[in-house]
Amino acid sequence: MLEDVSVEGSAARAADRGGDQLGFPADIKKPLLGSVAVMKGIIAEFGAALIDIRKKYNMDKLNANESIAAVAALSKEYGGIIMGRDDRYTPSDFYSPENLGRIITKRIAAIEGVDDAGELMFLTFATSLMVIATKHESEEITDDQAELLVKSVSQEMFELILWGHTL
């Protein structure tokens, strides 16, 4: 029979164990890049902003060139976040051009004129989502198919940003 085992410290302390060994500052006050919730939030925010651009385009509030510029600016902004260049987040060594950036450029095909790996990643994600949106709008795919494709592409994006996997 197993004996009851007590563990020293509180649940909060247990959740924090090892953070100092990973190189994270002890007094983290900003969202931590690498946190599952933060990464899911970043991807969801990007997707929502992209949908807003698409809506404005479909409502003739943006022309094609303005839409392209808005998607490029959005990709650059979010690419900067995951490369650890946004002061609103606490980065780790993984979220840098040297580490995550190298993984991205090995897994995602280059785009002419795009030199930043983070921007490349979000621009590729945006292109995939726009292709899905276009097919859905033209009724080439159903609502269920579009939802499944968006979830799949988003999951691949999430896994690549969080762990450097997929693609």
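Helix H2 gives the most to the lining of the largest pocket, with 10 residues. The model here is a predicted one. The largest pocket holds about 470 Å³ of space. Its lining has 25 residues, and the closest to the pocket centre are Gly47, Ile51, Leu129, Ile132 and Val150.

What kinds of residue make up this lining?

| Kind of residue | Number in the lining of the largest pocket |
|---|---|
| Nonpolar | 13 residues |
| Polar | five residues |

Now the core. The largest nonpolar core has 40 residues. Ile42, Ile104, Phe122 and Ile161 have the most contacts inside it. Two or more residues come from each of helices H2 (36–58), H3 (64–82), H4 (100–107), H5 (117–137) and H6 (143–163). H5 gives the most to this core, with 10 residues.

Take Ile104 from that list. Leaving out residues up to four places away in sequence, Ile104 touches Ile82, Met83, Ala117, Leu120, Met121 and Leu160.

Last, the arginine. Arg54 sits in helix H2. Is Arg54 buried or exposed? Its relative accessible area is 17%, and buried means under 20%, so Arg54 counts as buried. Which residues does Arg54 contact, apart from neighbours within four places in sequence? They are Met130, Ala133, Thr134 and Glu137.

Conventions:
Residues are numbered from 1 along each chain as its sequence is written. This is a predicted model: local features need pLDDT of at least 70, side-chain atom pairs count only at pLDDT 80 or more; totals for chains, interfaces and linings use all residues. Side-chain values use heavy atoms; hydrogens and water are left out. A nonpolar core is a set of buried Ala, Val, Leu, Ile, Met, Phe, Trp, Tyr and Cys residues joined through side-chain atoms within 4.5 Å. Buried means under 20% relative accessible area, exposed over 50%, partly exposed in between (1.4 Å probe, protein chains only). Helices (H or I, at least four residues) and strands (E, at least two) are DSSP runs, numbered from the N terminus. Contact means heavy atoms within 4.5 Å. On a 1 Å grid over the protein atoms alone, a cavity is a set of points where a 1.4 Å probe fits but cannot get out, and a pocket is an open set with protein on both sides within 12 Å along at least five of seven lines; lining residues have an atom within 4 Å of a point. Grid points are joined across faces, edges and corners, and a volume is the space filled by probe spheres set on the points. Ala, Val, Leu, Ile, Met, Phe, Trp, Tyr, Cys and Pro count as nonpolar, Asp, Glu, Lys and Arg as charged, and the others, Gly among them, as polar.
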